[in-house]
Every structure is written in C-alpha cells, then in structure tokens.
Amino acid sequence: MTETWESIYVTPLPYRAELAKALLLEHDIPAVVVNKQSSSYPVDGWGKVEVHVLAKDTVLAKVILENEATFS
C-alpha cells in the first residue's frame, strides 16, 4: 500500500525547510524535504524547497509549524 505525501511548507531557503523537518520529527511526524531548486543556479530564490508529510499528518503538522516555528 502506498502512502500519500502532501506538501505543507514551501520556501526558497533550504535551511528553513530542514528546520521545519527537524521540528516535525521532534513531534514524531515523519517529514521529508524535496528540493526543487535548479542546480544550475544555486542562489537562493531560484526554485523552491518543500517539506512533505503523510496526508494523515497534514493538519497537525501545519498547526505545529504555525505555532512553534520561529524561522518563517
């Protein structure tokens, strides 16, 4: 059976995505970072980086990021 993953946070700054992922992992929510930036242009702002969580954790993950994340 395949799990469905959803994007819950998008940023042009990879370190912010990693901080979001770490915060979610502290709350036992599996998260992955999907880097969609162009390797031809490694400058911030050329593309986006997304944090994905399982569909069943979407609401809780968004609440955690809204209430506890201080980087965005």
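This is a short chat about reading the features of one predicted model.

Colleague: What should I know before I start?

Modeller: The model is predicted, so local features need pLDDT of at least 70 and side-chain atom pairs count only at pLDDT 80 or more, while totals for chains, interfaces and linings use all residues. Residues are numbered from 1 along each chain as its sequence is written, and side-chain values use heavy atoms, with hydrogens and water left out.

Colleague: How do I read strands and their pairing, and which strands pair with strand 3?

Modeller: Helices (H or I, at least four residues) and strands (E, at least two) are DSSP runs, numbered from the N terminus. Two strands pair if DSSP finds at least two bridges between them. Here strand 1 and strand 3 run antiparallel over six bridges, with S7 opposite H52. Strand 2 (residues 31-35) also pairs with strand 3 in the antiparallel sense, over five bridges, and N35 stands opposite V49.

Colleague: Is strand 3 mostly covered or exposed?

Modeller: First the cut-offs: buried means under 20% relative accessible area, exposed means over 50%, and partly exposed is in between (1.4 Å probe, protein chains only). Strand 3 (residues 49-54) is mostly covered, with six of its six residues buried.

Colleague: What about T11, buried or exposed?

Modeller: T11 sits in strand 1 (residues 5-11), and it counts as buried because its relative accessibility is 4%. A polar atom of the T11 side chain lies 3.1 Å from the backbone nitrogen of L13. Contact means heavy atoms within 4.5 Å; leaving out residues up to four places away in sequence, T11 touches R16, A17, K48 and V49.

Colleague: Now helices. Why can one side of a helix be buried?

Modeller: An α-helix has 3.6 residues a turn, so residues three or four places apart point the same way. In helix 2 (residues 58-68), the buried residues are T58, A61, I64 and L65. They line one face, because seen down the helix axis they fall within an arc of 130° (the arc of the directions from the axis to the C-beta atoms). The face turned away from that buried side carries the exposed residues V59, E66 and N67. Strand 1, helix 1 (14-26) and strand 3 are among what covers the buried residues of helix 2.

Colleague: Which residues have the most contacts inside the largest nonpolar core?

Modeller: A nonpolar core is a set of buried Ala, Val, Leu, Ile, Met, Phe, Trp, Tyr and Cys residues joined through side-chain atoms within 4.5 Å. The largest one has 15 residues, and I8, L24, V51, V53 and L65 have the most contacts inside it. Strand 1, helix 1, strand 3 and helix 2 each give two or more residues to this core, and helix 1 gives the most, with four.

Colleague: And how many salt bridges does the structure hold?

Modeller: Side chains of opposite charge can pair when their charged atoms come close. A salt bridge is a side-chain nitrogen of Lys or Arg within 4 Å of a carboxyl oxygen of Asp or Glu. The structure holds three. One joins K36 and E50 (3.5 Å, N to O); K36 is in the loop between strand 2 and strand 3, E50 is in strand 3, and they are 14 residues apart. E50 also meets K48 (3.4 Å, N to O), and K36, K48 and E50 are linked in a network. E50 is buried, at 6% relative accessible area, whereas K48 is partly exposed, at 36%. K56 and D57 meet in a salt bridge too (3.5 Å, N to O).

Note on methods
A polar contact is a pair of N or O atoms within 3.5 Å; within protein, one must be able to donate a hydrogen and the other to accept it, and residues adjacent in sequence count only if both atoms are side-chain atoms.
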